[in-house]
Amino acid sequence: MTLIELIPVGSENRITSTEISQRLGISGAEVRKQVNQLRCDGTAIASDSHGYYLATAPTDLDHTIASFNSRIHQMIKARSGLEKAKREMSA
């Protein structure tokens with residue numbers, strides 16, 4: 001069985017990363033890596049704090065996209081802080 005075969009259709013049928021990890025015998029990091037690759041390939045995998053599921057409508061992806069945008073923003077802030085620290089260390 002593959003990861004994509006485990007991901008159910010619809011938000012009412014979510015599966016957690018832990019469940020996927022246990023069923024496939026892979027680490028949580030590997031689950032995230034494979035989900036990310038599938039998303040990069042255009043597979044409509046949505047997620048929230050309750051798990052992963054295949055989107056059935058474009059609006060199903062809104063929460064996941066908003067979550068990505070928030071994480072991107074936080075990473076940019078962290079990068080800026082590290083760049084500031086680097087400049088101060090070099091001075």
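Predicted model: local features only at pLDDT ≥ 70, side-chain atom pairs only at ≥ 80, totals over all residues.
## Basis

Local features require pLDDT of at least 70 and side-chain atom pairs pLDDT 80 or more, while totals for chains, interfaces and linings use all residues. Numbering starts from 1 along each chain as its sequence is written, and side-chain values use heavy atoms, without hydrogens and water.

## Nonpolar core

A nonpolar core is a set of buried Ala, Val, Leu, Ile, Met, Phe, Trp, Tyr and Cys residues joined through side-chain atoms within 4.5 Å; buried means under 20% relative accessible area, with a 1.4 Å probe and protein chains only. The largest one has 10 residues, among them Leu-6, Ile-15, Ile-20, Ile-45 and Leu-54. Helix H1 (3–6), helix H3 (28–40) and strand E2 (51–54) each give two or more residues to this core. Helices (H or I, at least four residues) and strands (E, at least two) are DSSP runs, numbered from the N terminus.

Beyond its neighbours within four places in sequence, Leu-6 is in contact (heavy atoms within 4.5 Å) with Met-1, Ile-15, Ile-20, Arg-23 and Leu-24.

## Strand pair

Strand E1 (residues 45–48) runs antiparallel to E2, and 4 bridges join them; pairing requires at least two DSSP bridges. The two strands form a hairpin with 2 residues between them. Ile-45 is opposite Leu-54 in E2, and both belong to the largest core.

## Segment after H4

Ala-91 lies after helix H4 (62–90). Ala-91 counts as exposed (over 50%) because its relative accessibility is 89%. Between Ala-91 and Gln-34 the C-alpha to C-alpha distance is 42 Å, at a sequence separation of 57 residues.
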